[in-house]
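The following exercises concern the contacts of one chain with its two neighbours. Please examine the sequence and the structure before reading the solutions.

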Amino acid sequence: MKFFEFDGQRVLLGRLERGDDVLSSLTEFCAHESVTVGWVEALGAVERGGVGYYDHEARVYRETWFDEGMEIASLTGNVSSKDGETFLHCHVILADRDGRCFGGHLLEGTVAFACEFSVTTLTGPRPERTHDEATGLALW
Amino acid sequence: MKFFEFDGQRVLLGRLERGDDVLSSLTEFCAHESVTVGWVEALGAVERGGVGYYDHEARVYRETWFDEGMEIASLTGNVSSKDGETFLHCHVILADRDGRCFGGHLLEGTVAFACEFSVTTLTGPRPERTHDEATGLALW
Amino acid sequence: MKFFEFDGQRVLLGRLERGDDVLSSLTEFCAHESVTVGWVEALGAVERGGVGYYDHEARVYRETWFDEGMEIASLTGNVSSKDGETFLHCHVILADRDGRCFGGHLLEGTVAFACEFSVTTLTGPRPERTHDEATGLALW
């Protein structure tokens, strides 16, 4: 267990434009607004979207893509740093026209139809992601 | 990209009563507590529930209903204004007895069995929803 | 409807270690950090995980277990007290290698592969869970 304590929140609500790449737009937004640490939530819909599953043995992401309109039923993530750059780690759950849900790691290439988000900024320590031997992932 | 900046959060935790309509109860609660802008999260269970999928071409919501007990596996939304009234936009993920998830736009008519919620109130600008040509939706 | 009002948030971001029991680790963490009331969000992956469905008639939880790596696509919960002890009530959505989602009540025995969490602590009243006749659950 490792943790960081913060206080003094500033909250940013916003929406992406149709056609924006969800992950890179949110990342650029946080970088531009100097959000070094924070928590992200969002809802909306995508024109296409991809979710990643991390294979614990092979240590690679397996991707599943949906080339159709899907609801963003849930999107949760955080903002911290990796290699000194603003880095967002988000998971998303997409729902198809029958409501069926598909989720995992939010992949770049997921394109917004409409997306309303909240970024809660945190002031205090600055978690940095580094390679973790136990998982093969870049963790705090 | 469009956004609003806030500070000075007040947080309200509560629970709905069995039989309450989830969306209209949360909306009335926010109106009654003068929450003009905020972020909503919840968990619990419903006696019946509906999720909406917005058809990007036809620009209408397709509804899927479940007339049985379902878990509220996730509920995320926000509070702002539309036509000068308190307006909640929420997405929900419902899970059936085998855990299978169905999600989308939270529909009125979804009835609580038990529901614990958090409303983080935000102080600052007051986003107002207006018609967006690119999507056909009422957006900030 | 019943609710509690809070202000003065302190936020804790952290991560679990591979092999940690998700629910009991988060509970111990909150108890250790004197978080008496709060809201929890998380994402990550599990080595195995279980979700519960509360049968409204039989008033027992039906469990579904997954003995394989799954993404934590969403985790939402709260911290309060039950029988005078720190008590977390969390719902989780797990996604398999094809992205398919299974959700419900987070069960003890769910083992972290990697898990990043946020605990927003709340200062004010102290909700206590007591038996609710209408549902058979321990509610505020």
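**Exercise 1: chain B and chain A**

In this predicted model, 41 residues of chain B are in contact with 40 residues of chain A (heavy atoms within 4.5 Å). Residues are numbered from 1 along each chain as its sequence is written, chains are lettered from A in the order in which they are written, local features need pLDDT of at least 70, side-chain atom pairs count only at pLDDT 80 or more, and totals for interfaces use all residues. Side-chain values use heavy atoms, without hydrogens and water.

Task: state which residues of chain B lose the most area to chain A.

Solution.
1. The two chains bury about 3,400 Å² between them, 59% of it on carbon and sulfur atoms; buried area is the accessible area (1.4 Å probe) lost on being put together, summed over both parts.
2. On the side of chain B, B:Met1, B:Tyr53 and B:His56 lose the most, together 22% of what that side buries.

**Exercise 2: chain B and chain C**

Task: determine how many salt bridges link chain B and chain C.

Solution.
1. Apply the rule: a side-chain nitrogen of Lys or Arg within 4 Å of a carboxyl oxygen of Asp or Glu.
2. One such pair is C:Arg129 with B:Glu116, whose closest N and O atoms are 2.8 Å apart.
3. The count between chain B and chain C is four.
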